Amino acid sequence: MENFAAALRVMGMGMLGIFSVTIVLIVVMSLLTKIFPPENNEEM
Amino acid sequence: MEQFLSLYGNLSNLTWQMVVMWAIGGILIWLGIRKKMEPTLLLPMGFGAILVNLPMSGAITQTVNGLIEEGPLDVLFNAGIANELFLLLLFIGIGAMIDFTPLLANPSMMLYGAAAQFGIFFTLALATLFGFSLQDAASVGIIGAADGPTSIFVANYYHSRYLGAIIVAAYSYMALVPIIQPPVIRAITTKKERRIRMDYNPRNVSKRAKILFPIFITIIAGLIAPRSIALVGFLMFGNLIRECGVLGHLSDTAQDVMANLVTLVLGLTVASQMRAEDFLNRQTLFILVLGLAAFIFDTVGGVLFAKLMNLFTKKKINPMIGACGISAFPMSARVITQMGIKEDPSNILIMQATGVNVSGQICSVIAGGLLLSLIAR
């Protein structure tokens, strides 16, 4: 049961961690595409 | 005559457990050839399972007359898996295979990739109830990454003695995604939800953004989850080779010849962990059950998150695409696209599904890195 309690803590921290990293990555991706838009002659 | 009979003396070392492992090896080979399930991996693994379960097999390390004779598969294991070399090389190949454009065109899709990692952490907790230590539970939970190299990386990091079973479960269930996901999705969505149409109006993505993407992801992942940097870094390096536009030959080699070659050697080498005495036990059965649970709850996590988002957004999302966050690239995206077409032949979800699917690849690697950070070896 001690391991289970520790695992639940890891579950909470893990999901929180993954969402926080994801949000940062989404912001970075959005900035990348805004700062570096395709040039007119660029093939997309 | 006695000398002649001694040629067959090794037969007395044969055990029924070895024969069972031959059968398991045979099944893996059959699945690879007949059902075309991950043949590049299941075929060498199946053959390797037979190879290491021959009595006094010279393919693995044996003690003969008090002397230790190293077997080539154990040598390969120490040279390529224990030090993570094969896995990292494979990640370069995977990175070179993946086109992240659909994700860059619609970054918010990444949230579903994050939600679909739920199965990893849920299974981790579940595994502790089956008596696994926290480290072994993490190694079992990571089967839910639906990403073989990440599973091997994490299980190997924790020196899990269940590595063989974890690899068999991870790759088998990855190949079974078309069978596992559809009934789970149907069970938690309505027909109306499955028919939701999603407009695809992506923003254009420049070549410079595609080149900078792997570099920025590496830096951010390294800063936030440093333990994941070997995995993320090699994955992104492979992607940089693909996107830079000047290393076409290297990119082709990485995603084709190198990835195939490493997978082949990897399959044979991991079989060294499939010795009857380590493999045939109750824990292996638990791992197979828990691995399936990980895939199911990944799917549930992704779909329910999409349903939750639908409560707050004007533009409704087809909740099925949440299931693509499981990773298992590109199979999961294909499965969801086909399900969408089945519900409504004019509803094509391929781009949205691919965007979520590639984000699942990144998120599963980050989830693996987070596990390494959260649970001490």
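Start by selecting residues 16-33 and 39-52 of chain B: these are helices H2 and H3, whose axes come within 7 Å and cross at roughly 160°. (Helices are DSSP runs of H or I, at least four residues, numbered from the N terminus; axes are lines fitted to C-alpha atoms over the stretch in contact, with angles from 0 to 180 degrees between N-to-C directions.) So H2(B) is roughly antiparallel to H3(B), a label for angles over 145 degrees.

Before going on, a word on ground rules: this is a predicted model, where local features need pLDDT of at least 70, side-chain atom pairs count only at pLDDT 80 or more, and totals for chains, interfaces and linings use all residues. Residues are numbered from 1 along each chain as written, and chains are lettered from A and ligands numbered from 1 in the order written.

Now show side chains between the two helices. Among the residues that meet are B:Trp22, B:Leu28 and B:Ile33 in H2(B), and B:Pro39, B:Phe47 and B:Ile50 in H3(B); contact means C-beta atoms, placed from the backbone, within 7 Å. The contact divides into 14 nonpolar, four polar and no charged residues (nonpolar: Ala, Val, Leu, Ile, Met, Phe, Trp, Tyr, Cys, Pro; charged: Asp, Glu, Lys, Arg; polar: the others, Gly among them).

Next, bring in chain A: 38 residues of chain B are in contact with 29 of chain A. Which helix gives the largest share of chain B's side? Select 207-224 of chain B, helix H14: H14(B) gives nine residues. That side holds 29 nonpolar, six polar and three charged residues.

Finally, check the scores: ipTM is 0.91 and pTM 0.87.

Note on methods
Angles under 35 degrees count as roughly parallel, over 145 as roughly antiparallel, 65 to 115 as roughly perpendicular and the rest as oblique.
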